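Have the structure open as you read.

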Amino acid sequence: MPKRIAVLVSGGGTNLQALIDAQDRGELANGEIAAVLSSTPNAYALERARLAGIPGFSFPKSQYPTAQALTAALVDKLRELRIDLVVLAGFMTILTRELFQAYENAVINIHPSLIPSFCGKGCYGLHVHEKALEYGVKVSGATVHFVTEECDAGPIILQKAVEVQPEDTPEILQRRIMEQCEWKLLPQAVALFCQDRLAVEGRIVTILPPKTQAM
Ligand code: GRF
């Protein structure tokens with residue numbers, strides 16, 4: 001049975017698109033994008049889902065009194081849809097422990113820096129790249145990690161680095177990291193999860209070799 005994937009979004013959805021494209025190329029292995037859930041009803045990501053024939057649902061933040069209430073509504077929907085893997089791809093709301101209890105080691109996030117640098121509360125979007133340039137790092141990149149209660153602190157699955165160039169602006173660095181890191185890493189991590197190739201022990205994620213097919 002393929003693993004059923006839900007992608008949670010809030011914005012443009014280029015990482016969602018990278019997953020859709022990887023699925024179209026047959027690269028998500030044993031995974032199937034079953035739904036896209038958005039915290040903003042007019043996110044372009046929902047249009048991408050529609051164009052790809054994937055059911056889209058919106059959970060406007062403003063309709064829930066607390067982050068906990070929003071999380072509970074999302075968990076109900078994820079269960080109803082029989083989701084196995086939850087992918088946060090630019091989801092702009094911090095979710096509460098109800099999600100991680102329901103989906104332990106089955107929620108992954110993509111962050112546009114080399115964690116543990118330039119991450120945590122308030123470090124999102126262009127801020128991440130502004131901080132990296134201000135600090136003067138010579139490499140930056142992206143990280144895919146399992147999500148735990150502590151923001152951006154769960155076990156790391158994959159990381160990829162790019163060089164920072166002297167003339168970089170936050171926008172230019174953001175674009176390079178998306179193109180060269182994020183859009184590649186996220187489909188790879190999803191495919192590994194869907195093939196049961198990620199073993200988690202404490203903070204350490206081990207990538208297991210591919211299973212050989214029975215003859
Ligand atoms: C990406 O930079 C991702 O790393 C971060 O949010 C952004 C989402 O962009 N978590 P998009 O909506 O996938 O284009």
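Start with Gly13: one of its polar backbone atoms is 2.8 Å from an oxygen atom of the ligand. Keep in mind that this is a predicted model.

| Residue | Protein atom | Distance to a ligand oxygen atom |
|---|---|---|
| Gly13 | polar backbone atom | 2.8 Å |

How much of the ligand does the protein bury? On its own the ligand exposes 370 Å², and 83% of that is buried by the protein. The space the ligand takes up is the largest pocket. Two elements, α1 (14–24) and α6 (170–194), each give two or more residues to the shell around the ligand.

Now for the whole shell. The ligand is surrounded by Gly12, Gly13, Thr14, Asn15, Gly90, Ile110, Pro112, Met178 and Glu182. Sorted by class, that shell has five polar, three nonpolar and one charged residues. Why does the ligand lie between domain 1 (1–103) and domain 2 (110–209)? Because both domains give residues to the shell around the ligand.

On to the backbone. Most peptide bonds are trans, and most residues other than glycine have a negative phi. Against that background, the loop between β5 (107–111) and α5 (126–135) is worth a look, with Pro116 found there. Pro116 is joined to Ile115 by a cis peptide bond, with omega at about 20°. Phe118 also sits in the loop between β5 and α5. Phe118 isn't a glycine, yet its phi is positive, at about 50°.

Conventions. Residues are numbered from 1 along each chain as its sequence is written. This is a predicted model: local features need pLDDT of at least 70, side-chain atom pairs count only at pLDDT 80 or more; totals for chains, interfaces and linings use all residues. Side-chain values use heavy atoms; hydrogens and water are left out. A residue is near a molecule or strand if one of its heavy atoms lies within 4 Å of it. A polar contact is a pair of N or O atoms within 3.5 Å; within protein, one must be able to donate a hydrogen and the other to accept it, and residues adjacent in sequence count only if both atoms are side-chain atoms. Accessible areas come from the Shrake-Rupley method with a 1.4 Å probe; for residues, only the protein chains shown count as cover. On a 1 Å grid over the protein atoms alone, a cavity is a set of points where a 1.4 Å probe fits but cannot get out, and a pocket is an open set with protein on both sides within 12 Å along at least five of seven lines; lining residues have an atom within 4 Å of a point. A molecule sits in a cavity or pocket if more than half of its atoms lie within 2 Å of its grid points. Helices (H or I, at least four residues) and strands (E, at least two) are DSSP runs, numbered from the N terminus. Ala, Val, Leu, Ile, Met, Phe, Trp, Tyr, Cys and Pro count as nonpolar, Asp, Glu, Lys and Arg as charged, and the others, Gly among them, as polar. Domain bounds come from an automatic or database domain assignment.
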